[in-house]
Amino acid sequence: MPAPKRSRKVVPMKSRGGLTGRDGAVDFALRTAAAQRVEANPEDHIYRVIELVGTSEESIEDAIASAIGRANSTLRNLRWFEVVRTSGHITDGEVKHYQVTMKVGFTMEDA
């Protein structure tokens, strides 16, 4: 008999409040800059956006982390992500695989 898979409790995200932005991405960038006492550069708010699909047999969070980790190894200046779609595969009535499609934003370096 295979060992039971661990489960993670899903906790809803709290409202970020404050300034509006792309699902809080701009808010986060502004708050991070303020927390570091660095003036936010308006040019830093121009992003290149790509789409990634992360997969995992463990959880949605692991699928996100694997996609971001892989992107971070080949791209610089990753700033935010937005989950666009979650899906998975079911075998014998159990979830066997998680798949997360996300948009990832990053700032480009000067030419």
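This is a predicted model: local features need pLDDT of at least 70, side-chain atom pairs count only at pLDDT 80 or more; totals for chains, interfaces and linings use all residues.
Trainee: What pattern does the protein follow along the sequence?
Mentor: Read along the sequence, the pattern is α-β-α-β-β. The protein has two helices and three strands. Helices (H or I, at least four residues) and strands (E, at least two) are DSSP runs, numbered from the N terminus.

Trainee: OK. Which residues make up the largest nonpolar core?
Mentor: Eight residues: Leu52, Ala63, Ile64, Ala67, Ala71, Val100, Met102 and Val104. A nonpolar core is a set of buried Ala, Val, Leu, Ile, Met, Phe, Trp, Tyr and Cys residues joined through side-chain atoms within 4.5 Å. Buried means under 20% relative accessible area, exposed over 50%, partly exposed in between (1.4 Å probe, protein chains only).

Trainee: Which elements give two or more residues to this core?
Mentor: Helix H2 (60-74) and strand E3 do. H2 gives the largest share, four residues.

Trainee: And what does Ile64 touch?
Mentor: Phe81, Val83, Val100 and Met102, not counting residues up to four places away in sequence. Contact here means heavy atoms within 4.5 Å.

Trainee: Switching to Gly105. Where is Gly105 placed?
Mentor: In strand E3, residues 94-106.

Trainee: Why does Gly105 count as buried?
Mentor: Because its relative accessibility is 0%.

Trainee: What is Gly105 in contact with?
Mentor: Tyr47, Arg48, Asn77, Leu78, Arg79 and Trp80, leaving aside neighbours within four places in sequence. There is also Val49 to look at: Gly105 and Val49 are 56 residues apart in sequence and 4.5 Å apart in space, C-alpha to C-alpha.

Trainee: What about Thr101, buried or exposed?
Mentor: Thr101 is buried, because its relative accessible area is 11%. Thr101 lies in strand E3 too. Its contacts, leaving aside neighbours within four places in sequence, are Glu51, Leu52, Val53, Glu82, Val83, Val84 and Arg85.

Trainee: Now the whole protein. How much of it is buried?
Mentor: Buried residues make up 19% of the 111 residues.

Trainee: Last one. What does the accessible surface come to?
Mentor: About 8800 Å², of which 53% belongs to carbon and sulfur atoms. The area comes from the Shrake-Rupley method with a 1.4 Å probe.

Terms used:
Residues are numbered from 1 along each chain as its sequence is written. Side-chain values use heavy atoms; hydrogens and water are left out.
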